[in-house]
Amino acid sequence: NVDGADATGETLSEAISRTLGKVAYTGVMCSKYMADTEITAANTVVVANDLIFVNVWYSAEDILGACKTIKDGSNTKTRCLVYTNGFEEAKLMMAAYVGRAFSANFNGTNVSQTMDLKTLVGINPDLNLSQTDYTNAETAGCDLYISYEGDPAVVSNGANEYFDVVYENMALKFSAQIALYNALKTTGTKIPQTEAGVTLLKNALGLVFQQFVRNGVVAPGQWNSSQTFGDPETFRSNIANQGWYVYSIPVAQQSQADREARVAPYIQGACKRAGAIHECDVLIFVEE
């Protein structure tokens, strides 16, 4: 990367820190041509907050360079793109990618999307990348915009997790926070510290999971982890039949200190991601 004319001005990490408390946002990208040191500093700020930082690099060498370093650090909230058609063109590619990736309205039905094989309107595919670069991008977990026999498409790689997983997990978290806040805020009287009162909160969380089933993020399936809570049989049955499960410890078992502090008993939720299909293998038998 190269520094732009404003290299001595405010860095991206400084801009993020300055604005975080003033306006709510999740996505971060920058039109400035930044050195890797400034990108690394921004990455550090993003990791500590509910943010997703999308950055584009301009050379195939960065695939196994900065992009792999970010992947090796498990910094999934920093999303790596590589596009080698020029500095300005790369920024336009990043903007088109971000506009498509952040477009899901989670209040809708079947709106969950993956970036794999998506077309970026007005963006030319990167024809400078080799098969080796393509393979290295799989290792580094960065996304490219290439041509499949003349058909332009994003190739999305999951070594640093897929964009949709990071984005949708954050959306689920925000939705749960809002739903539980609203349950506490909009109740005209008090919510009693009884099983009935806790059920009101659990129902609010359950409605969020139902919303994420409708929008295609969550779906019924088999729970493969050994980690469960509550009654394991009930847990696995709920995941298999509806895709989610909510449990709270009995009110009678919570500590006296939490009761006096008016804290609800510990509530736990689990859900099964619907996942996505990016490729398939087909075997065809032909007989005379």
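**Hairpin.** I started at E4 and E5, which form a hairpin with two residues between them. Glutamate 149 sits in the turn and has a positive phi of about 50°. I looked up the pairing next: strand E4 (residues 144-148) and strand E5 (residues 151-155) run antiparallel and share five bridges. Tyrosine 145 has valine 154 in E5 as its bridge partner.

**Housekeeping.** This is a predicted model, so I keep in mind that local features need pLDDT of at least 70 and side-chain atom pairs count only at pLDDT 80 or more, while totals for chains, interfaces and linings use all residues. Residues are numbered from 1 along each chain as its sequence is written, and side-chain values use heavy atoms, with hydrogens and water left out.

**Sheet.** Then I went to the open sheet, where three strands come in the order E1-E2-E3 with parallel pairing. Strand E1 (27-28) and strand E3 (78-82) are the edges, each pairing on one side only. Between strand E2 (residues 52-57) and E3 I find five bridges. One partner I noted: tryptophan 57 bridges to valine 82 in E3. Helix H3 (residues 63-72) packs on the sheet, touching E2 and E3, and its direction makes about 165° with that of E3. Helix H2 (residues 36-47) also lies across E2 and E3, at about 165° to E2. Contact here means heavy atoms within 4.5 Å; axes are lines fitted to C-alpha atoms, for helices over the stretch in contact, and angles run from 0 to 180 degrees between N-to-C directions.

**Helix pair.** How do the axes of H6 and H7 cross? Helix H6 (residues 163-186) and helix H7 (residues 195-214) have axes that come within 9 Å and cross at roughly 145°. I looked up which residues meet: the H6 side includes Leu172, Ala176 and Leu180, and the H7 side includes Leu201, Leu205 and Phe209. By class, this contact has 14 nonpolar, two polar and one charged residues. My classes: Ala, Val, Leu, Ile, Met, Phe, Trp, Tyr, Cys and Pro are nonpolar, Asp, Glu, Lys and Arg charged, and the others, Gly among them, polar.

**Pockets.** The largest pocket holds about 330 Å³. Its lining includes Leu184, Lys190, Leu201, Arg262 and Pro265. H7 gives the most to that lining, with three residues. The lining splits into eight nonpolar, two polar and two charged residues. The second largest pocket has about 260 Å³. Of its 13 lining residues, Asp116, Tyr134, Val155, His278 and Glu279 are the closest to its centre.

**Cavity.** A search of the whole structure gave me one cavity of 30 Å³ or more. The largest cavity has a volume of about 50 Å³. Which helix gives the most to its lining? H6 does, with four residues. Among the lining residues are Ala101, Met115, Phe163 and Glu168.

Grid terms, for the record: on a 1 Å grid over the protein atoms alone, a cavity is a set of points where a 1.4 Å probe fits but cannot get out, a pocket is an open set with protein on both sides within 12 Å along at least five of seven lines, and lining residues have an atom within 4 Å of a point. Points are joined across faces, edges and corners, and a volume is the space filled by probe spheres set on them.

Notes:
Two strands pair if DSSP finds at least two bridges between them.
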